[in-house]
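Let's take a walk through a protein together, one piece at a time. Have the sequence and the 3D view ready, and follow along as we go.

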Amino acid sequence: MKRFISAVLCAVFLVGAGLYVWAFPPGKDAAAGEGGVVLRLWHIDSFEGGKGSRAAFLSRAASAFEKGREDVYVMVRTLTVQGAAQALRAGDVPDLISFSCGLDGVAEHCLRLQPNFGGGEIGGGTYAYPWCAGQYYLFSFKDDFSAVSAETLVISEGGNNLAAAAAALSGIAGDEAIEDSTAAYVHFLAGKYRYMLGTQRDVCRFQTRGASVFCRPLSAYCDLYQYIAVTADGKEKESESRAFVDFLLGEEVQEKLFEIGMYAPGDAAAAYTLSAFVSADGVASARAAAEEALRRGEIKILKSYLKTLN
């Protein structure tokens with residue numbers, strides 16, 4: 001019996017030790033203790049991506065970045081919008097944040113960046129820049145988009161994105177059905193609707209299914225931007241964080257975005273977007289304005305919620 005108990009305790013110790021090593025990689029802890037720089041990067045998903053994981057893609061980019069810099073490590077952590085907002089309110093601020101529209105309390109922590117992008121501007125300066133982007137599309141099983149109407153179109157929404165704004169600013173008007181992305185996709189495939197307004201997520205779904213679908217990109221509006229912002233405190237961490245942003249936006253990383261079904265920001269050009277720093281309440285207000293604009297065919301009020309990109 002004693003031998004059995006000892007064996008069990010030994011096994012528990014080994015498993016526990018293994019879990020500790022998995023959760024807290026010794027190399028990174030040791031690097032921090034020996035003068036290495038450990039950058040904390042938070043990733044928050046606020047809209048549906050293409051395929052795979054944007055967080056996993058960031059982790060791969062971080063590993064590639066680390067290989068080119070001695071004693072610099074990037075630790076990627078995934079949080080919910082609510083969890084990140086709560087942490088920021090409590091004073092827990094990382095060195096980098098990957099986020100989209102609707103994250104409360106992030107703007108006050110962001111440092112100014114060199115590249116310019118209207119969606120990430122505050123007072124004429126850019127404080128967040130998209131590292132990947134999606135795209136809105138109209139889908140049809142026939143190469144004919146001439147009969148889009150309230151009776152023939154379903155609008156797909158997922159997360160914080162405002163698909164109704166993409167519809168209204170593209171000249172679509174009426175009481176179109178707005179459904180969550182899965183329901184809209186299923187109903188479109190079943191023939192309930194002739195057209196669907198969706199995103200790059202649906203492009204990947206159709207490819208996986210092997211469905212032959214025609215698509216027309218919509219360029220009037222896009223809020224499907226995943227931004228990166230530097231929030232580091234201290235010169236060394238700020239310098240290394242900016243270096244990581246440059247690496248993330250560089251050709252080596254950008255040319256691999258197809259792996260997750262996303263696009264480089266320049267490939268998803270749009271005339272209008274929602275501010276990267278709009279609050280959760282602001283997103284709700286813009287959504288109501290977008291749906292009203294869609295019903296009435298009047299976009300003037302909706303435009304007052306948006307930022308221009310070109």
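Let's begin with a cysteine. Cys-101 counts as buried because its relative accessibility is 4%, and the cut-off for buried is under 20%. Keep in mind that this is a predicted model. Cys-132 also counts as buried, because its relative accessibility is 0%. Which cysteine sulfur is nearest to that of Cys-101? The structure holds zero disulfides. Cys-101 is accordingly in no disulfide, and the nearest cysteine sulfur, that of Cys-222, is 9.3 Å away.

Now turn to strand β12, which covers residues 225-230. Six of its six residues are buried. In a regular strand, side chains alternate between the two faces of the sheet. You can follow this in β12: Tyr-225, Tyr-227 and Ala-229 lie on one side, while Gln-226, Ile-228 and Val-230 lie on the other. Both of these faces are covered.

What are the pairing partners of this strand? Strands of a sheet pair through backbone hydrogen bonds, either parallel or antiparallel. Strand β3 (residues 96-99) runs antiparallel to β12 and is joined to it by four bridges; here Ile-97 has Ala-229 as its bridge partner. Strand β6 (residues 129-133) is likewise antiparallel to β12, again with four bridges, and Ala-133 stands opposite Tyr-225.

Next, look for another sheet. Five strands make up an open sheet in the order β9-β8-β10-β7-β11, with mixed pairing. At its edges are β9 (177-180) and β11 (214-218), each of which pairs on one side only. On average, neighbouring strands of this sheet are turned by 30 degrees against each other, direction ignored. One of the pairs is β7 (residues 136-140) with β11, antiparallel over five bridges. Within that pair, Leu-138 has Arg-216 as its bridge partner. Helix α6 (residues 181-189) lies across β7, β8 (153-157), β9 and β10 (195-199), and runs at about 115 degrees to β9.

We finish with a helix. Helix α3 (residues 54-67) has 14 residues. From its first C-alpha to its last it reaches 20 Å, close to the 20 Å expected at 1.5 Å a residue. At the start of α3, a side-chain oxygen of Ser-53 comes to within 3.2 Å of the backbone nitrogen of Ala-55. Several residues of α3 are buried, among them Phe-57, Leu-58, Ala-61 and Phe-65. Arg-54 and Glu-66 are buried in this helix too.

How values were computed. Residues numbered from 1 in each chain as written. Predicted model: local features only at pLDDT ≥ 70, side-chain atom pairs only at ≥ 80, totals over all residues. Heavy atoms only, no water. Helix = DSSP H or I, 4+ residues; strand = E, 2+ residues; numbered from the N terminus. Expected span 1.5 Å × (residues − 1). Buried < 20%, exposed > 50% of the residue type's maximum accessible area, 1.4 Å probe, protein only. Polar contact = N/O pair within 3.5 Å; in protein donor to acceptor, adjacent residues only side chain to side chain. Pairing = 2+ DSSP bridges. Axes fitted to C-alpha atoms, helices over the stretch in contact; angles between N-to-C directions. Contact = heavy atoms within 4.5 Å. Disulfide = S-S within 2.5 Å.
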